[in-house]
Amino acid sequence: MAESTQLKDLPREQRAFTRRALGMFVVVLLALGILLLRLVQLQVVEYQQYRTRSDENRIQVQPIAPPRGLIFDRNGELLADNQPVFTLSVVTERVADLGVLLTQLGALVELTDRDLEGFAKRTARARRPFEAIPLKVVLSETEIATLAVNRYRLPGVEVQDKLVRHYPFGALMAHVVGSVRRVTVEDLVNLDPVSYSATEFVGKRGVERFYERSLHGEVGYRHAEIDARGRVRSVLDTEPPLAGKNIVLTLDVGLQIAAQTALGDRRGSVVAIDPRTGGVLAMVSSPSYDPNLFVTGMTTEQYAALSGARSTPLFNRAINGQYAPGSTFKPIVALAALSLGVTSWEETIVDRGTFRLPGQDRIYRDWSWRKNNSGGQGVVDLYRAIYRSSNVYFYDMGSRMDIDDFVQFAAQFGYGQNTAIDIAQASDGLLPDPLWKYGAKGEPWYPGDNVNISIGQGDLLVTPLQLATVATVLANRGRWIRPRIYQEGEDPPIEFDPPPPLPDVAGIEAEDWERLIDAMEAVVHRGNRGFGQNGTAWAYIGRNINYRMAGKSGTVQVVEIRQGEEYDEEELEEYQRKHAWFIAFAPADDPQIALSVLVENGGGGSSVAGPVAREVIDAYLLPQLALK
Amino acid sequence: MSNQDFVRSLPSGAGLVRQRSLYRWHLDPPLLLVLLLIMAYGLVVLYSAVDRDQTVFSAQLIRMGMAVVAMLVAAQFDPRFYLRWAPVLYVLGIGLLVAVLLVGVRVKGSQRWLDLPGLPRFQPSELMKIAVPLMLGWYLNDRALPPRFKHLVVSLALIALPAGLVIIQPDLGTGLLVSAAGLSVVVLSGVSWRWIGLAVLSAALVAPGLWLFLKDYQQERVLTLFDPERDPLGAGWNIIQSKTAIGSGGVFGKGLFEGTQSHLEFLPESQTDFIIAVVGEELGLVGVAALLLAYLVVISRGLYIATQAPNTFGRLVVGGLTLTFFAYVFVNIAMVCGLLPVVGIPLPLVSYGGTSAITLMAGFGIVMAIHTHRGW
């Protein structure tokens, strides 16, 4: 260590150390100065920014779903309201092991596969953190109590009470009022994400769908102080939601019940319209379904049963069922023939039950034809052709008219289009013409097509709503009024946006209208005249009637039997039977109700659909007549 | 001998009469006072940070008591005892670090703890924060200063060995502090500023290469420093929330117990490594500046005491321990302010948790021992 001792200069080292320590002190001062500057930057210069950020952190704006607007019928009957239900929800962020929790919950409340399936789907969807995800929508009183007792060991589990849609009349109004369904991922593409941020259900069918925007209302907000785990510590401020608009419909629940009762458990439809306003009074599609199931949820089996049933209860026949109109088309053909000048009220033909186009072998038969030469209506003029529903007469008229002229005339009654103001999903039906036929089938229009269309067969298709509209136009003697379902009020919903009015039916003299309607009255009222002389419907509905009804029946061949389907013989037979139609309006000289009745595979129009029409009109008119 | 003579015979001369009683306990009154102030301040902030949780608060109170006891005990030993035992302590520490890697207890993915029978569970890496400056002080004590190149290399090796052992646990924070403790001594030993500058420069050049050796989560932390918004709910969360907490405190703060960031649990680690954010949020710039001032007083006093030590060992050990304390303060606050990547370094004497407080206070005990023992 001699070297060390020799080189060690203690005072010098002490001075050197002091200098170095001083140097380090300067370094320390600089470093702490940097920290201080940084703090000044954060706390003074950028203070406002961080203050805002800190508030945004702790203050969460929570959307509040607006209460959905109520739906009433014309007499103030509630068709759709909101009722409280208790929902089991899970905040997944607060759950350590979701699988374990679901098992625990499954032991306390009944969880169906559908509940779990829906929950998994909703969990996978993008959403705000710490949002409670519904697991079971409707809890029973017992389940609420069980959950309350066990809540302490179920972190992240919430029981929320909220208002959900309720349809007091259930299946009765399901098709026309529609229903709400849970918002799906696909819906979110079309819906305003801000407005719907708290909304769980969206109108999917019927009125609920068409007036969705008005019924929905405006979202509200709650400013809540939350912690980092999303728990609400306190509510600072509330901006209440704006309730959805109430909608009053032209429907009449009493008439709807009468129509449903008249149909019974048969498949079919009744659409009744007030011809003075176009307001739909009743719109029944049978069978139906309980729309409340779509709100509160149903089992997979229940849904499969509904959607798979051969009777298609989810299908709205009234607006989407498309059928050949059959003989209900004849009044229109009659008017066309008059308008185009191919016949007159005076002309008569001899109906022997068959018709043959010149130079062709095919025989077109009358509905009364049973075996060779047994049918036929004898000497027939236009008036008789209507109340006897002579096919042969109209075959002849059809064959006389130019198809394009004819189609142009018939189109004035709304065939082939949806004329309703606020029934967006209604089908258009089909009014075929040569151009359509060439496009769809690649075939030219044959003279035989004229023959078929003249009795409402061939490719012609209509919906019950369209035929009720035709009845309305006939009742109004050609004056057009579009069907609608919203009862006009002071402040209509924005969706109610009537398209331009349709032109009235042109080319028919007033006296021709009255004569035609007279003939349609004869369908119902002409009786006690002996075989082959009565109106086709008289025997079924023409007796004991104290008002004048104009009507026309239709009986339609069911051409389509789907190939390769298996069903038992009895059912096969049922589904092969003819469809029964009846259109009518009353009182004939001052119409207050116009309707169409369809009974699928019901048989004869006059015998099956006619009595339904009579029952419905009776239910509507008799109380009014009694008042007078 | 008259009383007057006795006073004169004390090495530091006048002014010590009134401090005599504390000097008998080998304590430095200014240093002790400020340290106790910082601890008291820390306890108040912690009480708020833990939401008035009596249990946690009491636990911390007990730890702080233990830390003061550790300081008192450490102050009683003669500095020559530390000089004599420095190499033994160092070798023992290295041995324990190796033992940790072989049989240590794994907590949260890193092996830092040693569970020896008959002893409470402890972290040998804490020991090295003291053992390393002692060892370097011992090594350089009778060498000429500034150290020759050879001695410098040996010194760096003495630092690198324990620091490396700690870093591979992995415990980057403590490893950096062990390095800081050693490097402080080396810098204080008089290595020329030019060399220090060169070292810093080459470190800056090598840094991109070190990137490859960082673990994924460490790389993530560095990237997050430059752009916390790249993963605001993940890696960036801590730093965004701590900056928000501090910034939203403004000049005077939101008031004790009123910090929303900490009390609504947005600020993670608010009781431990990120507690300065609670100070910033609730007591504002004023509160943080006051704490910084207190730290500055401790560091100044430490450096002053270092210059008064009678020999190289005393000067280097006191200066090294003081600068280690400074490293704690700087790295912790810079990290919480978003100036440095997140490393696990507590705020000295304030953060919840006892181990570092006990080590730090034991270190100050040694500082006081060196200051108050004379004639060695």
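A: Leu349(B) sits in the loop between α14 (312-336) and α15 (355-372) of chain B. Helices here are DSSP runs of H or I with at least four residues, strands are E runs of at least two, and both are numbered from the N terminus. This is a predicted model: local features need pLDDT of at least 70, side-chain atom pairs count only at pLDDT 80 or more, and totals for chains, interfaces and linings use all residues. Residues are numbered from 1 along each chain as its sequence is written, while chains are lettered from A and ligands numbered from 1 in the order in which they are written.

Leu349(B) is not a glycine, yet its phi is positive, about 70°. Most residues other than glycine have a negative phi, and most peptide bonds are trans. Leu349(B) counts as buried because 28 other C-beta atoms lie within 10 Å. (Buried means 20 or more other C-beta atoms within 10 Å of the residue's own, exposed means 12 or fewer, and partly exposed is in between; C-beta atoms are placed from the backbone.)

His26(B) also has a positive phi, near 60°, and is not a glycine. Its loop runs between α2 (20-24) and α3 (29-49) of chain B. His26(B) has 19 C-beta neighbours inside 10 Å, so it counts as partly exposed.

Chain B also has a cis peptide bond, between Leu145(B) and Pro146(B), with omega about -5°. Pro146(B) lies in the loop between α6 (124-141) and α7 (149-167) of chain B.

Now follow α3(B) to a partner helix. Two packed helices are described by the angle between their axes and the distance between the axes. The axes of α3(B) and α13(B), residues 275-308, come within 10 Å and cross at roughly 165°. (Axes are lines fitted to C-alpha atoms, for helices over the stretch in contact, and angles run from 0 to 180 degrees between N-to-C directions.) The two helices, α3(B) and α13(B), are therefore roughly antiparallel. (Under 35 degrees is roughly parallel, over 145 roughly antiparallel, 65 to 115 roughly perpendicular, and the rest oblique.) The crossing of α3(B) and α13(B) is left-handed, meaning that the near helix is turned anticlockwise from the far one by less than a right angle; clockwise would be right-handed.

Which residues meet? On α3(B) they include Leu31(B), Ile38(B) and Tyr41(B), and on α13(B) they include Val278(B), Leu291(B) and Arg301(B). (Two residues are in contact if their C-beta atoms, placed from the backbone, lie within 7 Å.) The residues of this contact divide into 17 nonpolar, one polar and two charged. (Ala, Val, Leu, Ile, Met, Phe, Trp, Tyr, Cys and Pro are nonpolar; Asp, Glu, Lys and Arg are charged; the others, Gly among them, are polar.)

Next comes the contact with chain A. It takes 42 residues from chain B and 36 residues from chain A. On the chain B side, α8 (172-188), α11 (237-249), α12 (260-263), α13 and α14 each supply at least two residues. The largest share, 12 residues, comes from α13(B). The chain B side divides into 23 nonpolar, 14 polar and five charged residues.

Chain A has a cis peptide bond as well, joining Ser286(A) and Pro287(A), with omega about 0°. Pro287(A) lies in the loop between β12 (280-286) and α12 (292-296) of chain A.
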